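Hi,

Here is the structure I promised to pass on. Have a look at it first, and my notes follow below.

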Amino acid sequence: MPKEDTIFDGTKIKYSGNFDYKEIYKKLYTWITQQGYSKPYESKYWEKVKPDGKLAEFVWETKKEKEDYFQFKIDIQFTFDGLKEGEGEYKGKKIKLDNGRAEIKFSATLIRNFNNSWKNENGLMFKIYEKYIIPDKIEEAKIDLYQDTNKLIEETKNYFNLFKF
């Protein structure tokens, strides 16, 4: 059975104001696939129209393999609340935007032995392998996943910070 190490656990970005939630979707999707991760699997999607605006929530899961032993898994939960159509001006042109609140949560997990190459993970040989043979590789994989997830979070923050109208 694979071993899992949590690298990020529900790190949130919150924003309130004008934005284009479909553009965030496209931007993050593009970034994820360009970094070699799988196309995001949408495990949840729902919308509800409320008096104060639309509520939308969806959850993505994406994975990337590193060597034959490690797998990086990033989960992203998008929640958009109070979405109403609005307008903004960008480079002298009026454009349609959404106005509301956004909350995006990021979780990242390093999965070791993801393909079950070691059948007996409680055995002595597996413990020696992880403790004495590949501890540097495990640490390197944790750092790589941390950096990837941090870059994804920064990409999201940059969208909100630079996309002011």
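**What turned up**

Setting aside neighbours within four places in sequence, R101 is in contact with Y15, S16, F19, D52, T79, F80, D81 and G82, where contact means heavy atoms within 4.5 Å. R101 sits in strand β5. Strands here are DSSP runs of E with at least two residues, helices are runs of H or I with at least four, and both are numbered from the N terminus. With a relative accessible area of 38%, R101 is partly exposed; the cut-offs are under 20% for buried, over 50% for exposed and partly exposed in between, using a 1.4 Å probe and protein chains only. R101 and I13 are 88 residues apart along the chain, and their C-alpha atoms are separated by 11 Å.

Before you go further: this is a predicted model, so local features need pLDDT of at least 70 and side-chain atom pairs count only at pLDDT 80 or more, while totals for chains, interfaces and linings use all residues. Residues are numbered from 1 along each chain as its sequence is written, and side-chain values use heavy atoms, with hydrogens and water left out.

S107 also belongs to β5, which covers residues 93-112. Its side chain reaches the backbone nitrogen of G10 at 3.1 Å. That is a polar contact, meaning a pair of N or O atoms within 3.5 Å; within protein, one must be able to donate a hydrogen and the other to accept it, and residues adjacent in sequence count only if both atoms are side-chain atoms. Beyond four places in sequence, S107 is in contact with F8, D9, G10, K73, I74 and D75.

Over in helix α3 there is T149, which is buried at 0% relative accessible area. The T149 side chain reaches the backbone oxygen of L145 at 2.9 Å. Apart from neighbours within four places, T149 is in contact with F8, I74, F106 and A108.

Now the core. The largest nonpolar core has 34 residues, and F19, I24, I76, F78, F80, L152 and F160 touch the most other members. Such a core is a set of buried Ala, Val, Leu, Ile, Met, Phe, Trp, Tyr and Cys residues joined through side-chain atoms within 4.5 Å. At least two residues of this core come from each of β1 (3-19), α1, β3 (53-66), β4, β5 and α3 (135-162). Not counting residues up to four places away, F78 touches I24, L28, A56, E57, F58, W60, E103 and I104.

Two backbone spots to check: most residues other than glycine have a negative phi. E67, in the loop between β3 and β4, has a positive phi near 60°. N113, in the loop between β5 and α2 (124-133), has a positive phi of about 55°. Are they buried or exposed? E67 counts as partly exposed at 42% relative accessibility, whereas N113 counts as buried at 0%.

Last, β4 (70-90) joins α1 (21-34) and β5 in supplying at least two residues each to the lining of the largest pocket, with β4 giving the most, 4 residues. A pocket, on a 1 Å grid over the protein atoms alone, is an open set of points where a 1.4 Å probe fits, with protein on both sides within 12 Å along at least five of seven lines; lining residues have an atom within 4 Å of a point.

Cheers
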